[in-house]
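This report is meant for a reader who has not seen this structure before. Please look over the sequence and the model first, then read on.

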Amino acid sequence: DTRSGEIAKNFLENTSGILTADGYAGYNSSCTPEGRSRSGCWAHVRRKFFESINTAKEDATEAMLMIGELYKVELDAAVEKIIGTDAHLAMRKKISSVIIERIKTACAQWKDRHPPKSPMGKALTYIENQWSELTICLNDANIRLDNNLSENALRIIALGRKNFMFVGTKQAGQN
């Protein structure tokens, strides 16, 4: 019915593993040391930089290109049919870790150039706050860089909820 953290907590109760998600705080209660851990979503980071393209074109474009390089590593692993293997993890450690370090260095340099409340400032704050979750993928080749597959699957529910918003009652909507 809602996107509250309680819904996620109840749904994921008694499960373990890794939840790849954006920075939405509603997932915090679902990710605990004794249960499930959280991995960050590079697609959400890219979206934040894309949203700042009109006010910080050069820096935002550079950030998106570097994130694109991360996805190129994943594409290469897919072409080689090594997704989730030790060879894929070796690619991430050798290539992706260098790209991620470049992203971190660039973001540190850009932070002084962009006001915190500007779109670019918000993108930089977002990536900084998500950093530990975003780098988890460097230690496990089975962790995807983003949660796009699940978000695309859930989009159907969100669109349905919006399309049937004025159906009358909750019961009528469920029917």
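## Arg46 and its surroundings

Leaving aside residues up to four places away in sequence, Arg46 touches Met64 and Ile67. The model discussed here is a predicted one. Arg46 belongs to helix H2, which covers residues 42-51. Its relative accessible area is 37%, so Arg46 is partly exposed.

## Overall layout

The protein contains 7 helices and 2 strands. Along the sequence, these follow the pattern α-β-β-α-α-α-α-α-α.

Of the 175 residues in the protein, 38% are buried. The protein exposes about 11000 Å², and carbon and sulfur atoms supply 57% of that area. Among contacts between residues at least 6 apart in sequence, 57% join residues at least 24 apart.

## The nonpolar core

In soluble globular proteins, nonpolar side chains tend to be buried together. The largest nonpolar core in this model has 32 residues. Those with the most contacts inside this core are Trp42, Val45, Phe49, Ile103, Trp110 and Ile127. Helices H2, H3, H4 and H5 each supply at least two of the core residues. H3 gives the most, with 8 residues.

## Aromatic pairs

How many aromatic pairs does a search of the whole structure find? The search finds 2. One of them joins Trp42 and Trp131, whose ring centres are 6.3 Å apart; the planes of these rings stand at 80 degrees, so the pair is edge-to-face. Trp42 lies in helix H2 and Trp131 in helix H5 (residues 119-134), so this pair ties together parts that are 89 residues apart in sequence. Trp42 has a relative accessibility of 0% and counts as buried. Trp131, at 17%, also counts as buried, because the cut-off for buried is under 20% relative accessible area.

The rings of Phe49 and Trp110 also form a pair, with centres 6.4 Å apart and planes at 75 degrees, so this pair is edge-to-face. Phe49 lies in helix H2, while Trp110 lies in helix H4 (residues 86-111), so the pair ties together parts that are 61 residues apart in sequence. Phe49 counts as buried at 0% relative accessibility, and Trp110 is buried with a relative accessible area of 2%.

## Contacts of Trp110 and the position of Glu62

Which residues does Trp110 touch, not counting residues up to four places away in sequence? They are Phe49, Asp59, Glu62, Ala63, Met66, Met120 and Leu124. Phe49 is thus both a contact of Trp110 and its partner in an edge-to-face ring pair.

Glu62, one of the residues touched by Trp110, lies in helix H3, which spans residues 57-79. With a relative accessibility of 37%, Glu62 counts as partly exposed. The C-alpha atoms of Glu62 and Ala106 are separated by 8.9 Å, and these two residues are 44 apart along the chain.

## A charge over a ring

One further feature involves Lys48 and Tyr126. The charged end of Lys48 sits over the ring of Tyr126, at 5.0 Å from the centre of that ring.

Notes. Residues numbered from 1 in each chain as written. Predicted model: local features only at pLDDT ≥ 70, side-chain atom pairs only at ≥ 80, totals over all residues. Heavy atoms only, no water. Helix = DSSP H or I, 4+ residues; strand = E, 2+ residues; numbered from the N terminus. Buried < 20%, exposed > 50% of the residue type's maximum accessible area, 1.4 Å probe, protein only. Contact = heavy atoms within 4.5 Å. Phe/Tyr/Trp six-rings, centres within 6.5 Å; stacked < 30°, edge-to-face > 60°. Lys NZ or Arg CZ within 6 Å of the ring centre and 35° of its normal. Core = buried A, V, L, I, M, F, W, Y, C linked by side-chain atoms within 4.5 Å. Areas by Shrake-Rupley, 256 points an atom, 1.4 Å probe, with all protein chains shown as cover.
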